[in-house]
Amino acid sequence: MSDIDVKPETIAKPKTKQPPLHKVILINDDYTPREFVVIVLKAVFRTSEEEAYGIMMTAHRLGACVVAVFTREVAETKATEATDLGRSAGHPLTFTTEPEE
Ligand code: TYC
């Protein structure tokens, strides 16, 4: 037996792979009211009023803004839910997803 003392936390564990993450991206348009975008961001992505306003204004100024990252299924479900809320109210509001590098 070796008398080298190996602490349990230094023994390598088998590596478990994390699922790849996907970004939800808010796309700017010229028609959806700013207040409506804020309402959708708060409802679907559980952001605060201030976070929602910041995300909306970034998309408004730059053309698009990353809202959050999730596993692929959650990202796609939330992007669809948020886009559908816009469509139901007659707005062209659009959320897309893309894999994170
Ligand atoms: N550009 C819109 C307006 O001026 C507001 C808006 C912001 C719409 C962000 C979509 O992703 C968006 N009414």
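Reader: Which element supplies the largest share of the shell around the ligand?

Author: This is a predicted model, in which local features need pLDDT of at least 70, side-chain atom pairs count only at pLDDT 80 or more, and totals for chains, interfaces and linings use all residues. Residues are numbered from 1 along each chain as its sequence is written, and side-chain values use heavy atoms, with hydrogens and water left out. Strand E1 (21-27), helix H1 (34-45) and helix H2 (49-62) each give at least two shell residues, where helices (H or I, at least four residues) and strands (E, at least two) are DSSP runs numbered from the N terminus. The largest share, three residues, comes from H2.

Reader: Which residue has a polar side-chain atom 2.8 Å from a nitrogen atom of the ligand?

Author: The shell (a heavy atom within 4 Å of the ligand) includes Asn28, Thr32 and His60. A polar backbone atom of Thr32 lies 2.9 Å from a ligand nitrogen atom, and a side-chain N or O atom of His60 is 2.9 Å from a nitrogen atom of the ligand; a polar contact is a pair of N or O atoms within 3.5 Å. The residue with the polar side-chain atom at 2.8 Å is Asn28.

Reader: In which hand does H1 pass H3?

Author: The axes of H1 and helix H3 (residues 72-88) come within 10 Å and cross at roughly 145 degrees, with axes fitted to C-alpha atoms over the stretch in contact and angles running from 0 to 180 degrees between N-to-C directions. A crossing counts as left-handed if the near helix is turned anticlockwise from the far one by less than a right angle, and right-handed if clockwise. The crossing of H1 and H3 is right-handed.

Notes
Polar contact = N/O pair within 3.5 Å; in protein donor to acceptor, adjacent residues only side chain to side chain.
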